[in-house]
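Subject: A structure to look through

Dear colleague,

I am passing on a structure that I would like you to look through with the notes below beside you. Please open it first and then read on.

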Amino acid sequence: MQSFFETHRYLLEHLGSPVRRELMNEIDWNHRLIGIKGARGVGKTTFLLDFAKLNFGYDKSCLYVNLNNLYFTERTIISFADEFRKKGGKTLILDQVYKYPDWSKELRYCYDNFQDLKIVFSGSAVMRLMDQNPDLKDCVAVYRLDGFSFREHLNLATKNKFQAYSLDEILNNHKEISAEISSKVRPLAYFNDYLEHGYYPFFLEKRNYHENVVKNINLILEIDISYLEQIELKYLPKLRKLLYSIAKMAPLQPNVSRLSQEIETSRATVMNYLNYLKNGRLINMLYEDSESAKKPSKIYIQNPNVYYSVTHGEVSQLNMNRTFFLNQVGYRHQVNVSKSSDFKVNEQLDFYIGDEKVPGKELGDNEYLAHHMLEVGEKNQIPLWLFGFLY
C-alpha cells in the first residue's frame, strides 16, 4: 500500500492549480458513496485529485487509487479498502472503477460493512448507476462532470473568477450581468476559440487539440462503449460511420431507414447505436416533449469541439452556435425541439439562435433571441455567450 501513497503524493505535487470546477461546490461530500460520471477527457481524474488536495493535502487519511493498476487483477476492492481503513484511512478515491469486474457489488459491500469509510469513485458516462444498477441504486449519490463551460474557459484564459448564474438570473438580469463581465474582458474575443478548442481541459497541453479530440472519440467508441455495451469490435466501423454521418448532417431529423441503409445494419441496431452514442456523450437527442419517444425528433453533436473536429471545421457558425446553446443549457435544464423556435427550454421558454431579430416577428414574453454577436443585450435579446455562464 505504501507505493500507492507515494503515487498519490506525486500526483498531488504535480497537479498544479487546476480550474476549480463548479461541481465541487454542488456535491454533498458528507455522503459515504459518491460516483462521478463523465465522458472521457472532461477532467475526472484532475477533479478527484483537486478534491483530495483541497480537503486533505498530503494527509494519509485520504488515498487516490487508479483501478487500471495491474495490482487489482489479484487484489479486491474490498480487501484493499478494509486494509486502508484499518490503517487509519477515511476517504478512498477510486478512479476508472468500471474496468474492475464486479465493481458495483464490491462497492455495495464496502458501503454496507465499512461505515467508517467514505468512497468517491469515477467512471465512464456509459456506466450504469442508480435505477439501472440494482447493487447501488439506493446508496450512491451520482454526479456528472462535463467539459469546461465557457465561463470556466474564460476564467482560465483571463485569470478572472467570474461566477456562475442561474437561468432565471440570466433571463431577468442579463444586461447588467453582461455589462459587468464585458467591463473586465471582451467575451467575444474568446468565444470562437472556445467553440473550436475550449471544452476539454487537454487544450492546455502542447499537442494538436483536434487530433486529441478525435483520439478521445475513438477511445470512447473502442473502449467505453464497446466494452460496457459488449459490442464486438468488428461492428465498430459501423458505429464510427454513424457518428460521422450524423456530424455531416447535424442538426438533423433522423431518418432511421436511411441511416440503417447507409451503415448497412437494421433499424433496431441503428436505434441502439444512437443510444450508445448519446450515453457516451457524443450526441444529443432531442424530443418534442418530456416523454421521450422511441425516435428522437432531432440529433445534435454533443459539444462544439467534437462537431468541429469530426467535420474538420466544415460547419456553419449558426450550427456551432446552436450546438453550444444546447450543450450549455442542457447541462441543467430540459431542452426539447420547438415547432416555432430553435429550442423549447423547461417546456415553456422559446429560444431562437441567430445574429438578428426574427424576421417579421416580435418576441413575446417567453421568447428570447440568443444573439451571437452581442456583447451586452437588450430586453429579450441576450448575448449567446452568456448562456455559457450557467455552470
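This is a predicted model: local features need pLDDT of at least 70, side-chain atom pairs count only at pLDDT 80 or more; totals for chains, interfaces and linings use all residues.

Residues are numbered from 1 along each chain as its sequence is written, and side-chain values use heavy atoms, with hydrogens and water left out.

The whole chain

The chain has 13 helices and 12 strands, where helices (H or I, at least four residues) and strands (E, at least two) are DSSP runs numbered from the N terminus. For 391 residues, a compact globule would have a radius of gyration near 21 Å, and the 22 Å of this chain agrees with that; the radius is taken over C-alpha atoms, and the globule rule is 2.2 Å times the number of residues to the power 0.38. The C-alpha trace spans about 70 × 55 × 40 Å along its principal axes. Of the 391 residues, 53% count as buried, which here means under 20% relative accessible area, with exposed meaning over 50% and partly exposed in between (1.4 Å probe, protein chains only).

The sheet

An open sheet of 5 strands runs in the order β2-β3-β4-β1-β5, with parallel pairing, and two strands are said to pair if DSSP finds at least two bridges between them. Its edge strands, β2 (62–66) and β5 (141–144), each pair on one side only. Strand β1 (residues 33–38) pairs with β4 (residues 118–124) over 6 bridges, and Leu33 has Ile119 in β4 as its bridge partner. Helix α4 (residues 103–113) lies across β1, β3 (91–95) and β4, and runs at about 165 degrees to β4; axes are lines fitted to C-alpha atoms, for helices over the stretch in contact, and angles run from 0 to 180 degrees between N-to-C directions.

In soluble globular proteins, nonpolar side chains tend to be buried together. Leaving aside neighbours within four places in sequence, Phe121 is in contact with residues including Leu33, Leu94, Trp103 and Val140, contact meaning heavy atoms within 4.5 Å.

Helix α5 and the residue after it

Helix α5 (residues 150–158) is mostly covered, since 7 of its 9 residues are buried, among them Phe150, Arg151 and Leu154. These buried residues pack against α7 (188–197) and α13 (317–329). After α5 comes Lys159, in the loop between α5 and α6 (167–182), and this residue has a positive phi of about 60 degrees although it is not a glycine. Lys159 is exposed, with a relative accessible area of 74%.

Other backbone details

His312, in the loop between α12 (304–310) and α13, also has a positive phi, of about 55 degrees, although it is not a glycine, and His312 is exposed, with a relative accessible area of 66%. A cis peptide bond joins Ala250 and Pro251, with omega about -10 degrees, and Pro251 is placed in the loop between α9 (236–249) and α10 (256–262).

With best wishes
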